[in-house]
Amino acid sequence: MGITTSLSGAGGFGKTTLTSAVCAHKRVRRRFRSRTYVVTIGRDVRGHAAVAAKVAEATRFITGDTTEYDDPDLAGAHLGRLLDQRPRTLLVLDDVWEREQLAPFLRGGRRCVRLVTTRNPNLLPSGSRRIHVDHMSPAQAKAVLTWNLPPLPDSTVSALLRVTGRWALLLRLTNRLIAEQCAGGADATATAERILHRLGDTGPAAVDDPNATWNLDDPRQRNQAVKASIEAATTLLPPGGPDRFTELGIFAEDESIPIPLIARLWQASRGLTEDRTRTLCRDLERLSLLTLDPADAGTISLHDVIRDYLRAELGTAGLARTNDLLVQTVAATLPAARPLAPTHPDPERAWWHLTDGYLLDHLIDHLLAADRTPLAEAVAGDLRWIETRLLQRGPTAPFSDLTRIDTPHTRALAHSLAQTAHLLTPTEPAHALTGVLHNRLDTHPHWQPQITAHHHDPVQLPCLATQWPLPDAPAPELQRTLTGHTGPVRSLVIAPDGTWLATASNDGTVRLWDRVSGTCTATLTGHTGPVRKVVMSPDGTWLATNGDDGTVRLWDRVSGTCTATLTGNTGRMMSVVIAPDGTWLATTSHDETVRLWDRVSGTCTATLTGNTGTVWSVAIAPDSTWLATTSRDGTVRLWDRVSGTCTATLTDMVREVVIAPDSTWLAAISIDASVRLWDRASGTCTATLIHHTDMVWSVVVAPDGTWLATTSRDGTVRLWDRVSGARTATLTGHTGPIDSVVMAPDGTWLTNSGDDGTVRLWDRVSGTCTATLTGHTGTVREVVIAPDSTWLATNGDNHTVRLWDRVSGACTATLTGHTGTVREVVIAPDGTWLATTSHDESVRLWDRATGTCTATLTDRIDYSGPVWSVAIAPDGTWLATTSRDGTVRLWDRLSGTCTATLTGHTDTVGSVAIAPDSTWLATTSHDESVRLWDRLSGTCTATLTGHTDTVGSVAIAPDGTWLATTSHDGTVRIQNVNDPGIVAIARAEGPLFSCAWGAAHELAVGGECGLYLYKLLI
């Protein structure tokens, strides 16, 4: 964090003015050049969504970056990273009210100096320089009071300084009031005496006691202090002017309010024209009652003290009445609108047609202030409003609108947006983001009818519409997805009170999260490599982490500082656990030892030796008197904590051990996909739990010790009875990655392959699995359907290709000959032959009827790496292959000769597709690009960019017009070949590997999370 300085003091004492003077100082301008940025926070920026939106707004203002986050800490961390990349910067944070408003702006930015103005100095971090801004000195106050005025008697000046409390705001108001009277020919001294009398009669009661201290943080006393000055000033306004001025109290705090909008309000309330509105605003500025900025058609802003006074003058009824008048006035300028779905509330007007930034940001506030909550619900819950706000400000804007209304209905809608907000970051082109929004919300009962109706709007076309439920759709219980780590999350622990949690990652950090808001409240850095595990003390006040850097670190939860670094092991730390009483901890290591540590001193109190292999894990008994360890040497050892001696050795190859709550038995995870239960006293195995079909990852024991749960790489969670060892339940639903997907020629069914070794056939309409083909002994990389749909071909990691009868599901042939993994298989258009590519750097052609290899295309070309992909031309006379060497080769099928080599990609070319008319082809690469090629000349006709990771597959629609690509960045992109440019984007929770078109513009996509089916609406 860069240097932070604060100006603190009550409102109206000149903190903002001092800040402006600092920014304008020649030394400041010379040091920071043009890199001075002022961000006004204000009292109304409350709640996580509003703070995150303010941070995003500041990020766009300072850096131009449009990345959105739905929680303030992640948004602040992103801003901090961007500031770290910039030269010296001065960031002014004006009018900060709460710690949660400030915290995100303090992340990162080591070359960024922060200047904070606030009324609450306690919210500043320790080490900040604090400057208290109080009433002005007598000399300063006199200079402000008498500026540009004729000479006044010293006694009058002294009396005015006393009644104004030397408060900068009140001094300026008094000065302007005297100046205005004098401009009309009034005597300066007589005018000053009249104002002094008025302030003495109606100003703060505290002026009767010259030694009294004003509490200007009290709104009542602030209003009383300015009341006399404002009322005196408004007597100089034209008829109706004071009432119009009071109406300005309805507008948002610390915002620039467009004068054209004020003109609409004053036209409705008093019939003022825009010209008269501008004249009145200039009158108010001369009296220092507002600030006028002529830029952008003119805006005004109010000091929050004056705004508070105006709102108090309006009162509850006046605020509601004036807000309602504003709403009606704005509504009259918009066309009528009906709800997208008949069962949804009526928004009455097309509020999404608004273009004024102020109204878009604050319409919901004005509707609520006008006591029109049902209309606010209708607008904030209308898909068209969501789209507008999403494109205007990002996902935090519509989320904030819904949370401000805070009814059961809007809370549920805000929840649905929060669940998918991490996928609603800006797209290029921007309008494609609405398609992502539709895809992700399409299964929600409130949004789905609106999305379906909206797709009939020609403006929305072309777009991708979901045809099946998303395989990665969030569960209803999911509150939000916590994003921020840049590597796999290795460990998670929940605080004893359940209000926060901690995660450890391969990115070398530990993050603390608020459970309710999903906000990252702290990022703990210090490890120089992946962090394997994080554990928490029983009282939740401190944490311990171990990393691949060979250290264990202890952290204070409140400050986020590392309080101790435990070193001494000579190998990588494998595990750490804290004793139930929180006074000591145990660690295990590659150096075959277990070490016990005192938490307070950080010293090693004992080293347990005896293992002859890496000690994988350790568990401490509930009474802290003994512990158990597992080791690569095939043993589970029980140890006495006091003496450090091994009291028992259980022989088993165990990865992890858990001790029962009563300490009488243990559960151990064996590497053979079983879990064994051991009696602690006798050291005997009492039960073996054996139903998992792959490695068991973890085991937990119920608090009463009567049952346990296990998780496995086989994708299941199994529950077990402890006494009988019987399996009581199997929880399924997890699916493996989808490596390949293809649509049947008639579009009625599709098939996919995956890491689970199976091939599944699906009915397109119902989305049900109609058959599962088994036989491969590993990942099935590719599946293709014959042109007549009667048979299929698949390839797997075992170097073979299998042919399948579609009706019976039987394997009719196994093609062998490749000496490496078969990467891809394709079937010729007439169905009589196939082509395969392999890691053995060859391309083989096969006769379908006999299953024999008819040609091997490596005799003439020496590939410098595996052949990744192959495509056969529609007429079957030529084919194209891709390779890790970054080339695309075209082959004559009959002669087996390479007729052309296409170069241009800078990394592995992973996929190739040939257009239906055979005149061009498309390729994708690990270089994150898609290239289009002319077949005859072999030239690259277009390079399509936009993906941010490996582009895994490409497919050309049957009409040759549309191109689909999928990428490890989790997106599928649709482009019009005749007019290159993205027309639609869909996003998933994980990498996408494959795609295939159907006859009627259906698009099947396979990825890490499962199978997706879309339809391109055109």
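Asp-633 is partly exposed, at a relative accessible area of 21%; that class lies between buried (under 20%) and exposed (over 50%), using a 1.4 Å probe and protein chains only. Its salt-bridge partner is Arg-637, at 4.0 Å from N to O. Arg-637 counts as buried, at 14% relative accessibility. The model is predicted: local features need pLDDT of at least 70, side-chain atom pairs count only at pLDDT 80 or more, and totals for chains, interfaces and linings use all residues. Residues are numbered from 1 along each chain as its sequence is written, and side-chain values use heavy atoms, with hydrogens and water left out.

**Salt bridges**

- The structure holds 24 salt bridges, each defined as a side-chain nitrogen of Lys or Arg within 4 Å of a carboxyl oxygen of Asp or Glu.
- Arg-393 pairs with Asp-361, with the closest N and O atoms 2.7 Å apart.
- Arg-393 lies in helix H17 (residues 383–393) and Asp-361 in helix H15 (residues 357–369), so this pair ties together parts 32 residues apart in sequence.
- Helices (H or I, at least four residues) and strands (E, at least two) are DSSP runs, numbered from the N terminus.
- Arg-393 is partly exposed at 25% relative accessibility, whereas Asp-361 is buried at 16%.
- A network of salt bridges links Asp-361, Asp-365, Arg-389, Arg-393, Asp-401 and Arg-404.
- Glu-57 and Lys-54 form a salt bridge, with the closest N and O atoms 3.7 Å apart.
- These two residues are three apart in helix H3 (residues 48–63), a separation of about one helical turn.
- Glu-57 is partly exposed at 35% relative accessibility; Lys-54 is buried at 13%.

- Six of the six residues of strand S39 (residues 791–796) are buried.
- One side carries Trp-791, Ala-793 and Asn-795, and the other Leu-792, Thr-794 and Gly-796.
- Strand S38 (residues 780–785) pairs antiparallel with S39 over five bridges; pairing requires at least two DSSP bridges between two strands.
- Ala-793 in S39 is the bridge partner of Val-784, and Leu-803 in S40 is the bridge partner of Ala-793.
- S39 also pairs antiparallel with strand S40 (residues 801–805), over five bridges.
- The S38–S39 hairpin has five residues between its strands, and Ser-789 in the turn has a positive phi of about 65°.
- The S39–S40 hairpin has four residues between its strands, and His-799 takes a positive phi near 75°.

**Four-stranded sheet**

- An open antiparallel sheet runs in the order S26-S27-S28-S29.
- S26 (654–659) and S29 (685–689) are edge strands with a single partner each, so one side of each has no neighbour in the sheet.
- Four bridges join S28 (residues 675–679) to S29; Trp-678 has Cys-685 in S29 as its bridge partner.
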